[in-house]
Amino acid sequence: MSNSGERWDYDVAVIGGGPGGSSAATALARRGRSVVVLERERFPRFHIGESQLPWTNEIFRALGVRDTIAASGFIEKWGASFRGPDGPDERYADFQNARETPTPQTFQVLREKFDEILLRHAEKCGARVLEEHRLVDAVFDSDGVTLHFAGRDGGADTVRVGVVVDASGRAGVLVKRFGRHEHDPLLLNIAVHAQYEGIPRASGRRAGDIRMFTRPDMGWLWFIPLSDAVISVGAVIPQVVHRRESRPTPEESLAHYLADTPAALPLLERARRVSPARFDADYSYLATRIAGDRWVAVGDAAAFLDPVFSTGVMLAMQGGLEVAEAIDSGLRAGDVSVRAFARYERAVRGRYHHFRRFAVGFYDPAFRKLWYSRPPLRSIFDAVVSVLAGNWRPSATTRVLVEVFFAVVAVKRVLLRLGRLRRAR
Ligand SMILES: Cc1cc2nc3c(=O)[nH]c(=O)nc-3n(C[C@H](O)[C@H](O)[C@H](O)COP(=O)(O)OP(=O)(O)OC[C@H]3O[C@@H](n4cnc5c(N)ncnc54)[C@H](O)[C@@H]3O)c2cc1C
């Protein structure tokens, strides 16, 4: 597993220039590694996933890009509001109150602009970025990897590297070759979304917040301000409901779900769709294998969690930072076999399950009931908000408070079941 005296063209190739890939490339280049990024699209390109979390600020800092992001005119986000189907009750998660969160303000980003900033930053840090270059095949041997790719003009070419990072998002080019994406049976949802104008925003400090409306069928809507005029609107709907309720086109399906969520209607009176509607299925999942000899996956290629708490970009970028450390140490030690990535893989799986518990909870009526009722103790609520702010390594105290929250959810679940049984008699 060493270079054996052979010269690679680059130490590392990163497949995909999204947030996961560009973070890995930046962190590797800043460690002095030679890196090439192969990205099949030309940036800027559309991507869904606009709402960011406060904990992503720490990653921006580690990559040296926080000042550029902060100066790019993205909408400031301080929290998330949730509104239930029955009446005006609102639960506000104010990141200012989140425990252990050094920078509570984050951003709502137009992903085409955000992803391009991150990719150009990787380039500035020394990574070679080849857009409109699509990976076609990867041939592994004991001394390195030969990548075959289709270039801009459609012509084929190769590059020889020591390690490959699969950052190809939900395509998962290597993950699907060596394993598969295992779908989460408790998070079988679809999303349909578009951009709108003419939707009133909240005022003051809360003007940039994400607003969510939950539905009795356990689906929900998001409203994410992207600029003074444009708001991203999406519906996340359980697959079983969508099978019944879907309309012939994404536009009609989205219009149907919006019209069918009465609590959101006041926002939609003058709403005008200004982009095509898009449909996303195939989530959530964890890859059966996240690494192998000379390859490792990052971001959505490795795992994708339901977007309910906007964790995707943060998880991808944190993974990018950590994978760079694992590759750099592996190359230094002359071992980039699967062993070199064991700790990284444990971290990715651990973080997925940490947030999954909340995502699954959100589709549980007992969790929602507690979420919308008065918090039993303010500190418990603030601990939950801390995790929703992206806290993936809570202190022991925060963990205990979160456990108390889930214990109360469990009691509520039993009470709801008993109530249903009593009514059925
Ligand atoms: C409906 C929905 C809503 C979401 N909302 C949010 C949100 O509010 N906040 C949030 O943080 N996250 C959200 N996400 C998740 C977020 O979009 C992803 O987690 C994030 O983009 C992952 O980054 P990545 O770099 O792993 O993958 P991507 O951003 O998908 O980047 C992968 C890149 O790989 C390239 N690629 C693919 N195949 C090849 C190939 N063969 N050769 C070369 N390049 C290739 C692609 O062109 C792409 O640019 C949402 C996701 C969905 C589906």
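A crossing of two helices is left-handed if the near helix is turned anticlockwise from the far one by less than a right angle, and right-handed if clockwise. The model is predicted: local features need pLDDT of at least 70, side-chain atom pairs count only at pLDDT 80 or more, and totals for chains, interfaces and linings use all residues. Residue numbers start from 1 along each chain as its sequence is written.

**View 1. Helices H2 and H9 cross**. Helices (H or I, at least four residues) and strands (E, at least two) are DSSP runs, numbered from the N terminus. H2 spans residues 56-63 and H9 spans residues 312-333. Their axes come within 10 Å and cross at roughly 35 degrees. Axes are lines fitted to C-alpha atoms, for helices over the stretch in contact, and angles run from 0 to 180 degrees between N-to-C directions. The crossing is left-handed.

**View 2. Residues where H2 meets H9**. H2 brings Thr56, Ile59 and Ala62. H9 brings Val313, Met314, Met317, Gln318 and Leu321. Contact means C-beta atoms, placed from the backbone, within 7 Å. This contact has six nonpolar, two polar and no charged residues. Ala, Val, Leu, Ile, Met, Phe, Trp, Tyr, Cys and Pro count as nonpolar, Asp, Glu, Lys and Arg as charged, and the others, Gly among them, as polar.

**View 3. The shell around the ligand**. The ligand is surrounded by 36 residues (C-beta atom, placed from the backbone, within 6 Å). The closest are Gly18, Gly49, Gly169, Gly299 and Gly312. H9 gives the largest share, four residues. By class, the shell has 14 nonpolar, 15 polar and seven charged residues.

Note on methods: Two residues are in contact if their C-beta atoms, placed from the backbone, lie within 7 Å.
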